[in-house]
Amino acid sequence: MQASDRFNINSQLEHLQAKYVGTGHADLNRFEWAVNIHRDSYASYVGHHSMMGYFALAENESIGRVKYNFMQKMLLPCGLPPEKEDD
């Protein structure tokens, strides 16, 4: 791999990270990464009606109730953020 290829790959990665929130960045901590993954998953589930039907059947709830519950879980999917450590 040549130096120009590495520069091109890094510039493409920086462009993706600036354009899309879920791709992360160098300063992303573990909690923020987990929140992005959970929110992306819930958004995908809500957007696919067949997945909603599957979850509704498994939980013995209506599709609307499951969709509502997933939308509520998107607010704080991993709970409250951990306390920041002051150095």
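This is a short tour of the model, stop by stop, with something to select at each one.

**Before you start**

The structure is a predicted model, in which local features need pLDDT of at least 70 and side-chain atom pairs count only at pLDDT 80 or more, while totals for chains, interfaces and linings use all residues. Residues are numbered from 1 along each chain as its sequence is written, and side-chain values use heavy atoms, with hydrogens and water left out.

**Stop 1: the core**

Select Tyr42, Val46, Met52, Phe55, Ala56, Val66 and Phe70. These seven residues make up the largest nonpolar core. Such a core is a set of buried Ala, Val, Leu, Ile, Met, Phe, Trp, Tyr and Cys residues joined through side-chain atoms within 4.5 Å. Buried here means under 20% relative accessible area, exposed means over 50%, and partly exposed is in between (1.4 Å probe, protein chains only). Helix H2 (30-47), H3 and H4 each supply at least two residues of the core, and the largest share, three residues, comes from H3. The helices are DSSP runs (H or I, at least four residues), numbered from the N terminus. In soluble globular proteins, nonpolar side chains tend to be buried together.

Now centre on Tyr42. Which residues does Tyr42 touch, leaving aside its neighbours within four places in sequence? They are Phe70, Lys73, Met74 and Pro77, where contact means heavy atoms within 4.5 Å.

**Stop 2: the two faces of H3**

Next, show H3 (49-59) and colour Met52, Phe55 and Ala56, which are buried. Why do they sit on the same side of H3? They cover an arc of only 100° around the axis, and that puts them on one side of the helix; the arc is that of the directions from the helix axis to the C-beta atoms. An α-helix has 3.6 residues a turn, so residues three or four places apart point the same way. The cover over the buried residues of H3 includes H2 and H4.

Turn the view to the face away from the buried side. There you will find the exposed residues Ser50, Tyr54, Leu57 and Ala58.

**Stop 3: Asn60**

Step just past the end of H3 to Asn60, which has a positive phi of about 55° although it is not a glycine. Asn60 belongs to the loop between H3 and helix H4 (63-73). Is Asn60 buried or exposed? Its relative accessibility is 71%, so Asn60 counts as exposed.

**Stop 4**

Move on to the segment after H4, where Leu76 lies. Leu76 counts as exposed because its relative accessibility is 51%.

**Stop 5: distances across the chain**

Finish with Glu32 in helix H2, which is partly exposed at 33% relative accessible area. Glu32 and Pro81 are 49 residues apart in sequence and 8.4 Å apart in space, C-alpha to C-alpha.
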